[in-house]
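Reader: I'm new to this one. Can you walk me through it?

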Amino acid sequence: RHHRGRMAATTKPSPPPPPLPGLDRLHGRTLVVDVEAWILRPPVCAFPYFMLVAIEAGGFLRGLLLLLLYPLLCLLGDGARARAMATVALVGLEEKEVARVGRAVLPKFFLEAAAAEGVAAVQAAARVVAVSATFPRVMLDGFLREYVGVDAVVGPEVRSVGGVLAGLVDEEHAAEMAAKRLRVLFGAELEAAGKKGAVGLVGAASSGRVHYLFSPYYCKETFAVGEADTRGWRPLPRNRYPRPLVFHDGRLAFAPTPPAALAMYTFLPFGIALVAFRSIAFSFLPYRICFPVGALTGMHYRLVAGHVPGGAGAGGGRLYVCNHRTLLDPVFVAAALGKPVTAVTYSLSKVSELLAPIRTARLTRDREKDRRNMAAVLARGDLVVCPEGTTCREEYLLRLSPLFAELGVDVNPVALDTRVGIFYGTSTKPGAKWMDPFYFMMNPRPAYRVEFLPRAAASRGGRGDSIDVANRVQRELGRALGFELTGLTRKDKYMTLAGNEGVVPPAP
Ligand SMILES: O=P(O)(O)OC[C@H](O)CO
């Protein structure tokens, strides 16, 4: 049986069309689903994803090459164009770096392009094999398996020689490789499911060349959607992501479609001049001047100063505890206070340490030693601590390490929020961290919002009480920012994005 999509566009605006087929029909079934027709909202433009891999795994020059070749690639048919883009974007890169980009960078962009209807179908089925004709498996695997929950991904395969990607394998060979992998994953179950009737979800446009997994041998029922059927499909809302997107990595904060990528490359030289100017202004001008100067260059800075504490802390400086958005957090807190502060840091690059316009004190991750160091700094002046222990880009708060609550002084929570349009100013790659503040300042209109919250009492002593204080401060920050609280830590972030625990070797 072959069902034609029954979601033809209607002239009435609502209600949204029901998913196809009825979800109850998919319960307990094996699904073979076409990624470009069902999971991503058609029409799918493949260029931004190849561009992201080219830039994030290869660098800006490789991205530029892909962009310059794009007009020529447009002369090719869809399939040949995708293969050519994959070749330009991937060949010569380390396989494990491309896989990291697939896990840490691309899921955000694929999720933003996902169709609520297609993802609901995937979630309803018992077992799902996702098939892509466009994106190499190495690019899709992280997104589909970890964020959508499919069991296996089948797509163009890239040959790897000594860990370096050497080119796409031909389709026949890729099909053999896929069959072998599916056998390892499912044994004979997939074929058995086929006999009972796996369900195939394909695109009507792909009817000319359908992957063998959609053949009647595997799929006894096939549903095909065309453009008219999917016209009313909705983007997947963030609160319905099958797994929340708390962490992601990569420099680009926008989807680099051809015009957007062209705009970015045109802006780059101006961006570099902007960074130089802003860095000099922030390093040498007094706080009360550098912000107006920053504003003239497009920086947006908002201070909600309702609870800025006056005077000095009892017997020393004040303790400011903020959530962590970028490395520049303590600088913006210092600017808001209009006086110097010391920031405790961990995994700060040597370059950032050297250029920091405020004093920094390294954490060693030896609890007792760090507590003593922080107390010593606090005795001399104001101290800024970001107890999440790592930056978070999205609207979530990580668990606060309670060490700050053991210093015996009241806590001044500071809620920070940032916005960037082109570049993210954070990274998990050790070699890239020194560039973080520069990328933040390279945005044409970067924004910081600093809000001082009411003071919280110090811990009365004991580990249990300091954990209570840390949790209370996290709740206050979450309430002020509208961010969701989590129990996630630096280790969780680094395990997700970089495959390590985020521990840095002690500096000499
Ligand atoms: O580089 P991150 O995001 O792990 O953040 C590290 C902090 O800035 C430590 O001070």
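**Around the ligand**

Author: Start with Thr 390: one of its polar side-chain atoms sits 2.7 Å from an oxygen atom of the ligand. Keep in mind that this is a predicted model.

Reader: Which polar side-chain atom lies 2.8 Å from an oxygen atom of the ligand?

Author: There are two to name. His 324 has a polar side-chain atom at 2.8 Å from a ligand oxygen. Arg 490 also places a polar side-chain atom 2.8 Å from an oxygen of the ligand.

Reader: And how much of the ligand does the protein bury?

Author: The protein buries 93% of the 310 Å² that the ligand exposes when taken alone.

Reader: OK, what surrounds the ligand?

Author: The residues are His 324, Leu 327, Thr 345, Tyr 346, Ser 347, Thr 390, Thr 391, Lys 433, Arg 490, Lys 493 and Tyr 494. By class, the shell has three nonpolar, five polar and three charged residues.

Reader: Where does the largest share of that shell come from?

Author: From helix 19, residues 490-497, which gives three residues.

Reader: Back to Ser 347. Where is its place?

Author: Ser 347 is in the loop between strand 11 (342-345) and helix 15 (350-355). Its phi is positive, about 65°, though Ser 347 is not a glycine. Most residues other than glycine have a negative phi.

Reader: What about Arg 365, positive or negative phi?

Author: Positive, about 70°, and Arg 365 is not a glycine either. Arg 365 lies in the loop between strand 12 (359-362) and helix 16 (367-380).

Reader: Which peptide bond is cis?

Author: The one from Pro 42 to Pro 43, with omega near -5°. Pro 43 belongs to the loop between helix 1 (35-39) and helix 2 (47-58).

Reader: New topic. How many cavities of 30 Å³ or more?

Author: The count is one. The largest cavity holds about 60 Å³ of space.

Reader: What lines the largest cavity?

Author: Its lining includes Val 246, Phe 247, His 248 and Asp 249, and also Thr 391, Lys 493 and Leu 497. Thr 391 and Lys 493 are among the residues around the ligand too.

Reader: Zoom out. How many helices and strands?

Author: The protein chain has 19 helices and 17 strands. Its C-alpha trace spans about 80 × 55 × 50 Å along the principal axes.

Reader: What radius of gyration does the protein chain have?

Author: The protein chain has 26 Å. A compact globule of 508 residues would have a radius of gyration near 23 Å, so the two agree.

How values were computed: Residues numbered from 1 in each chain as written. Heavy atoms only, no water. Near = heavy atom within 4 Å. Polar contact = N/O pair within 3.5 Å; in protein donor to acceptor, adjacent residues only side chain to side chain. Areas by Shrake-Rupley, 256 points an atom, 1.4 Å probe, with all protein chains shown as cover. Helix = DSSP H or I, 4+ residues; strand = E, 2+ residues; numbered from the N terminus. Nonpolar A, V, L, I, M, F, W, Y, C, P; charged D, E, K, R; others polar. 1 Å grid on protein atoms, 1.4 Å probe; cavity = no way out; pocket = protein on both sides within 12 Å on 5 of 7 lines; lining within 4 Å. Points joined across faces, edges and corners; volume = space filled by probe spheres on them. Rg over C-alpha atoms; globule rule 2.2 N^0.38 Å.
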